[in-house]
Amino acid sequence: MKKKMNLSPIFFVGPHIILFIVFILLPSLYGIYASFTQWNLVGDPVWVGLDNYKTILFDQDSTFHYQFINGMKNTFIFVGISVPLMIIIPLLIAVALEHKGVKMKSFFQSIIYVPGLISISAAALIWSLIFNKQLGVVNNLFGSDTVWSATQPFAWIVIFVITIWAGVGGNMIIYRASINGVPKDLYESAQIDGAGPIRQFFSITLPSIRFPLIYTLVMTTAGAFNVFAQPLMMTAGGPRQGTTVLMMYIRDLAFSSGESIAGIASAMAVLLGVVILIISALQYYLMNRNAS
Amino acid sequence: MKKIMMILFVSLIAIGLAGCSSDENVIEFWTPLTGDDGAYMNELVDEYNEQSEQELEIKHVITSDMYTKLYTVMNSGSGIPDLTLIHADRVPSFAKQDLLEPMTSIMEAQSELNEDNYLSEAWTAGIVDGTQYTIPLDIHGSAMYYNKDLLAKYGVEHFLDDDIVTYDEMLSLEGKLDEGDYVVNDALMGWVILAQIQNLGGDIQIDGEPAVNTPEMKQAIEQTKAIADAGLMTPYGEDGYLMFQSGNVLFSTDGTWSSTGHAQVESLNFGVTNIYSFEPDTFHNRASSHLFSMMNNEERTDEKEAVIGDFLEYIRENSIKWAEAGQIVASKEVNESPEYEKYMQSFFTKNEAEEDSLHIYTYEHYPYVAEAIDTYIADLVHGEMDIDEGLKEMQKVVDDKVAEGSLDIENAETDAEE
Amino acid sequence: MKMTKKISISKYLSYLFLIVVSAIWVIPLIFGLATSFRSQTEVVTAGFRLLPINWVVENYVTIFSDTSSAPILRWIGNSLFIAISHTILVVIVISITAYGYSRMKFKGRDVMFFTLLAISFFPSVVNLIPSYKIIDMLGWVNTPWAMIVPGLAGMGNIFLVRQFMKNIPRELDESARVDGASDFQIYSRIILPAIKPILIVCGLFSFVGSWNDFLWPVIVYTDVEKMPVTAGLLLLQDIYGNYRMIGQLMGSAILAIIPTMLLFVFAQKYFVQSLDLNSGIKG
């Protein structure tokens, strides 16, 4: 009786696995294969073994080595600063929104969520007009003479501003919903024990929303590693390639006006994928362990 | 809820099936002409289809990312368009990769599609190793706009007397401008530098090898940097294009197509001239060209080719509409007509010297060179980076990309065969 | 007494914070909206002003007048169809799959789940060509299928939903099982109602994601009439990436977000009121 094969899991996970194989696994395998080849996107890839990886990782003289190192460095800067902000700011907003006495929650929430709906090119245009030295408000308001998009660290700040403006909405909704679901009696008994709002936040709210935090951290980080539109539109990667993230180099190598260098681009993408994997596995492991 | 879902599913399937029928009676014509350019081309295509007695219709497909899309269909071998409008700088590498079909049979069928009837720079941009791969639609490229009111304000209208504004003339305004005003912006700076290389008699290749780190390149950048150093160029990172429109910049080095955009600004009183130069007697404007081409496709029937030829001949005779997009129409029948003179860009075909100033780079690895220049030029001209160091890096970037490009793939293939 | 005072202080702090944040968030929105009512002349000459000096509707007139090469209303219709179908399918697929990965027992279940999740983290930038080939083989080029189906393969939502399912008390389905309920019945009668709120959140994210995707539709559509709005809007922009008509670009971007904005405004009431995301997340 117990030995009988249970086929029902196949009905539940099977359809998705087929979709996954067709639309994610096969293209990814092809991408990994391409990373071991020289390929111009049009003809057939030519196998070169580990050459692309050797060039990218070890050939100090190679442009592609420089691009990879510089792109990776800038990507880490972006991830390292934007991800904490993309977690903390929406968390604070969610906490404020979930305060008992606060009214017009939907109104506040809508204002903060809507920028994420705007196309990136329109959003970039809005912000570049705002940061524009002559026409814009930022310099007029603060009386500074700096051209933000061409001076560090302002170039990064411009990128972070648009990223956060357009990006906190999703996490805010997840946090708000999670906080809303924390049993009210936990807070009540804490209040009786004399715990203030700050202590309540750290001892009740945060532990209660552990999974949403892990989830948003992992997904936000993976998303941040894939960034390219914001730096491309706001600073074009400058000054001095100081905001050129790896994804911009990858896209340029594969899809710019010269003959495509897709083999190297694929190898960079695979390396980026490996980094994302390691970091998200670490995050998941550490957050899970610390909590238990 | 369940009902809604059922309806959706049924309609989904219906749409999915409807999508399967593909039309054999149209000629798919892909262009990267987004924005207003696409609308002008639509009008041209519609006019052609209306007067045409052919059974096949031209179907204009605008694609915002046409080259990526071309790569994907060429790689998969299906959905290849019948006719394509490509940029001049793609021709050498497309021809080398054997992606293009020669225009030979089309030219045989339509005798007027010949070199004499087009601007020669546009016509020859389609020739690779003696084979004609394209028929030109236009030349479009660098143009320098001037703000008439500002020229008058500073009393320097005489800069334009010989149609050439020189570096010296621009530098003579040092210290004479009101705060917030600038002589020139840094829009399309890469193209300006490419024009200066021609002005200095240089090139971007030596014996087929890319040449970026050259004395001419250095001189061009240094001289342009002198303008920025003198505080006469719009600052790094500022939107020089908008600053020209807002009336704070005497000269804007952008493109022929911008005239329509500038015309939208009522307060802007502007004209067009050549890109600035070193000497009044040597001047160039870096240009590109939109070229009709046929991607290799065995399924393209002779019948289709006949209609394509007919369409190209129609365009040659009737593309005055294209002048409205701000482009320099390549067909002489159009650009020598009196009607064409009312368009601002007729400046660039008004005499032989102007026609000669239009320069299209046809070097195979031009795209890599242009990309390297675009990546570094703002940092170099605005003094963010040492010029020698920058030139060395640029040369290296181009060399490495060329080494990774298809030449090596060919070598690898022959290696494998040996 | 002391307690109420504390609450009111934190209440005012919350308000202060929310008002400051909302103000920062809303100013660019208003500026963008206002810019769509400005002429190009005003955009470049007037300096920074929140509201236009002269309100003009030319930008919108231009947007709506070109119905042959830029049928924006049609594009919005296409997007609605794509996004709604995609969202419905996403909700079905992720809930069924997450049930499999959380409630059912089979060998290597968690290893398999995390392997798939890991693979899905690889950047897909250079996978464009194999992806296109697959769509082409399926005959889906120029059909909404190309937009609706591939996104169903994603793992992110399943990850989220699986976790919430895991935390629904087991006793519920075990007692149902004793009563003879099949897995499908447990899924549809017990689990589905319990995870409805998180499914709504996932649905919203999927809807917005599908609506805003602009890289993929450019590749799989050639037919202007069939395009979704985000890809279509790219056709309005200048070929050289310049923005010749700033107001027009803003206007079209604003038109394109109206449907998603309305959806959000109506949906948020529902998902926040009834959301109990942590149901039993206690480790």
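## Strand β13 of chain B and its partners

In chain B, B:Leu100 has B:Met295 of β13(B) as its bridge partner. This pair belongs to the contact between strand β4 (residues 100–101) of chain B and β13(B), which run antiparallel and are joined by 2 bridges. Strands are DSSP runs of E with at least two residues, helices are runs of H or I with at least four, and both are numbered from the N terminus. Two strands pair if DSSP finds at least two bridges between them.

By contrast, strand β15 (residues 358–360) of chain B runs parallel to β13(B) through 3 bridges, and B:Asn285 stands opposite B:Leu358. Of the 11 residues of strand β13 (residues 285–295) of chain B, 10 are buried. A residue counts as buried if 20 or more other C-beta atoms, placed from the backbone, lie within 10 Å of its own, as exposed if 12 or fewer do, and as partly exposed in between.

## Basis of the model

The model is predicted: local features need pLDDT of at least 70, side-chain atom pairs count only at pLDDT 80 or more, and totals for chains, interfaces and linings use all residues. Residues are numbered from 1 along each chain as its sequence is written, while chains are lettered from A and ligands numbered from 1 in the order in which they are written. For the complex, the predictor gives an ipTM of 0.87 and a pTM of 0.90.

## Domains of chain B

Chain B is divided into domain 1 (23–140 + 288–360) and domain 2 (142–286 + 365–406), with bounds that come from an automatic or database domain assignment. The C-alpha centres of the two domains of chain B lie 29 Å apart. Their contact takes 16 residues from domain 1 and 17 residues from domain 2 of chain B, where two residues are in contact if their C-beta atoms, placed from the backbone, lie within 7 Å.

## Contact between chains B and C

Chain B places 39 residues in contact with 35 residues of chain C. Elements of chain B that each supply at least two residues to this side include α1 (2–18), α2 (36–51) and β2 (57–62). The chain B side divides into 13 nonpolar, 22 polar and 4 charged residues. In this scheme Ala, Val, Leu, Ile, Met, Phe, Trp, Tyr, Cys and Pro count as nonpolar, Asp, Glu, Lys and Arg as charged, and the others, Gly among them, as polar.

## Chain C and its confidence

Chain C has 13 helices and 0 strands, and 50% of its 283 residues count as buried. Its average pLDDT, the predictor's confidence in each residue from 0 to 100, is 85, and 90% of the residues score at least 70. Over residues 276–283 of chain C the pLDDT is below 50. Where pLDDT is low, the predicted coordinates should not be read in detail.

## A:Ala150

A:Ala150 is located in the loop between α6 (137–142) and α7 (154–181) of chain A. A:Ala150 counts as buried because 24 C-beta neighbours lie inside 10 Å. Leaving aside neighbours within four places in sequence, the contacts of A:Ala150 include A:Gly238, A:Pro239, B:Tyr236 and B:Gly237.
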